[in-house]
Amino acid sequence: MYILSSATFSSTTFLTPRVSSSSSLSSSSLSSSTSNSKLRLVPLRSSPRRSSSACPCSFYSSSKVRAMAEMVKDKEEESSLSAVESAQRRETKHSRTFLNVTSEEELLSAIRMETEAGRLPSNVASGMEELYHNYKNAILQSGNPKADEIVLSNMSAVLDRIFLDIEDPFVFSPYHKALREPFDYYMFGQNYIRPLVDFRNSYVGNISVFYDMEQKLRQGHNIILISNHQTEADPAVIALLLETTNPHLAEKMTYIAGDRVLTDPLCKPFSIGRNLICVYSKKHMNDVPELAEMKRKANTRSLKEMALLLRGGSQIIWIAPSGGRDRPDPVTEEWFPAPFDASALDNLRRLAEHSAAPGHIYPLALLCHNIMPPPRQVEKEIGEKRMIAFHGTGLSVAPEISFSDITASCESPEEQAKEAYTQALYNTVTEQYNVLKSAIHGKQGLKASTPNISLSQTWN
């Protein structure tokens, strides 16, 4: 339910919040709830006010085609207002229905009240109620003594943000910067996912490599993270597991984000809190034939935005070249990283190589599907069911992999080399994923470490 699902970058894919640079959080803060953090409004660019019937979560139909076509706009169309000013205007006219609740009964009653008043579409209202109950069950499962307080605090904030976007839909630019004020969407996302992470059974692999990446960023270099993609909560999980050691990396990270996390009303508020390059996924390019050409043009604009970012240096970009979230084998039920798209990966590599700043490509592995697993099958319709659980998570990175080192022996400079490099990155991601799997699902903990992958729990 959170942001980031993979997307297509000229055939590429991609997919969470940002901790303020002053927030070097201690381990004790890992269990804090929303009530312990300062929420600030955030700079957004909002589209003209629309009636609630034009909810972005409505399923694709001919009547929604043009609305979808406007979801990603050129920067030339932006309002003359600054992002902060736009956000402040958006906040001042926003209802406080969900922020004023003091109990579960009042919260659920508020959903029904807004639905009956015609301000909240029934399908969104159903999604809100389902999300509330699933989140509540997951937090109760954690055994947190403050579970009821956390659920009410976090869910009232989530429903408030969803309702705001129904009242005044936010429109993403091809390059979207995380909105931190006047409302801090980054910390909002962190606080929502934090109580779902079982830190006692979570691990980070090769923490020294993350320090190496941070040093390169300070030197003006670019970092590209080639990763598998597990859930909409991936960005928050990455940020939470790096919160005590490398918060700057998580705050600065830009995610290649698919259009579904920019349009699903239960996911959009979390996407607003992340730095994003907005692209349309290859898997959904032709879901609505009338939109295919518009999507291709939008991806071209996003590619240009990426090139401009890399040209300036000191960028860290996350991309999942699989084109979507990992899913279990239908027979064995085993989870594994989805295969990478060689063309998508090669496009990004070439962009990095042609920028003025030095670039480095690192393979990153994520294991967090238990927290918020995707539907078993890829769905065309917006509005998937959100299953939520309290569980351990894992993040690991391996040393950078050079294209020239891998492809030196390839006879063909093109396809063969491209495939060889893609496979080398995929194999390294899979190797790390299996170590995390042994540590978390196999209950081996830190003993699952190997000569190539050293696990740690930096919050302890």
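This is a predicted model: local features need pLDDT of at least 70, side-chain atom pairs count only at pLDDT 80 or more; totals for chains, interfaces and linings use all residues.
## Overall make-up

The chain contains 15 helices and 9 strands. Of its 460 residues, 62% are buried. The accessible surface of the chain is about 17,600 Å², and carbon and sulfur atoms account for 50% of that surface.

## The sheet

The 9 strands form an open sheet, and their order across it is 1-5-4-6-3-7-8-2-9. The pairing in this sheet is mixed. In general, the strands of a sheet are held together by backbone hydrogen bonds, in either a parallel or an antiparallel arrangement.

The edges of the sheet are strand 1 (175-176) and strand 9 (455-456). Each of these two strands has a single partner strand, so one side of each has no neighbour in the sheet.

Strand 4 runs parallel to strand 5 (residues 275-279), and 5 bridges join the two. Within this pair, Thr-254 is opposite Asn-275 of strand 5. Strand 4 also pairs in the parallel sense with strand 6 (residues 316-319), here over 2 bridges. On this side, Thr-254 has Ile-317 of strand 6 as its bridge partner, while Tyr-255 is opposite Trp-318 of strand 6.

Helix 8 (residues 234-241) lies across several strands: strand 2 (203-205), strand 4, strand 6, strand 7 (359-367) and strand 8 (394-397). The angle between helix 8 and strand 7 is about 100°. Helix 13 (residues 342-353) also packs on the sheet, where it touches strand 3 (222-227), strand 6 and strand 7. The direction of helix 13 makes about 170° with that of strand 3. Strand 4 and strand 6 are among the strands that helix 8 lies across, and strand 6 is one of those touched by helix 13.

## Salt bridges

The structure holds 19 salt bridges. The table lists three of them.

| Residue | Partner | N to O distance |
|---|---|---|
| Arg-161 | Glu-91 | 2.6 Å |
| Arg-180 | Asp-184 | 2.6 Å |
| Asp-212 | Lys-216 | 3.1 Å |

Which parts of the chain does the pair of Arg-161 and Glu-91 link? Their side chains meet in a salt bridge, and the pair links distant parts of the chain. Arg-161 lies in helix 5 (residues 147-167) and Glu-91 in helix 2 (residues 83-92), 70 residues apart. Both Arg-161 and Glu-91 are buried.

Arg-180 has a relative accessible area of 4%, so it is buried. Asp-184 has a relative accessibility of 2% and therefore counts as buried too.

Asp-212 and Lys-216 both lie in helix 7 (residues 207-218). They are 4 residues apart, about one turn of the helix. Asp-212 is partly exposed, with a relative accessible area of 32%, whereas Lys-216, at 15% relative accessibility, counts as buried.

Some salt bridges share partners. In this way Glu-91, Arg-96, Asp-160 and Arg-161 are joined into one network.

## Cysteines

How many disulfides does the structure hold? The number of disulfides is 0. Cys-278 counts as buried, at 1% relative accessibility. Cys-368 is likewise buried, with a relative accessibility of 1%.

## A loop residue

Asn-144 is found in the loop between helix 4 (122-142) and helix 5. At 23% relative accessibility, Asn-144 counts as partly exposed. Leaving aside residues up to four places away in sequence, Asn-144 touches Ile-139 and Ile-150. Asn-144 and Pro-195 are 51 residues apart in sequence, and their C-alpha atoms are 8.3 Å apart in space.

Notes
Residues are numbered from 1 along each chain as its sequence is written. Side-chain values use heavy atoms; hydrogens and water are left out. A salt bridge is a side-chain nitrogen of Lys or Arg within 4 Å of a carboxyl oxygen of Asp or Glu. Buried means under 20% relative accessible area, exposed over 50%, partly exposed in between (1.4 Å probe, protein chains only). A disulfide is a pair of cysteine sulfur atoms within 2.5 Å. Two strands pair if DSSP finds at least two bridges between them. Accessible areas come from the Shrake-Rupley method with a 1.4 Å probe; for residues, only the protein chains shown count as cover. Contact means heavy atoms within 4.5 Å. Axes are lines fitted to C-alpha atoms, for helices over the stretch in contact, and angles run from 0 to 180 degrees between N-to-C directions.
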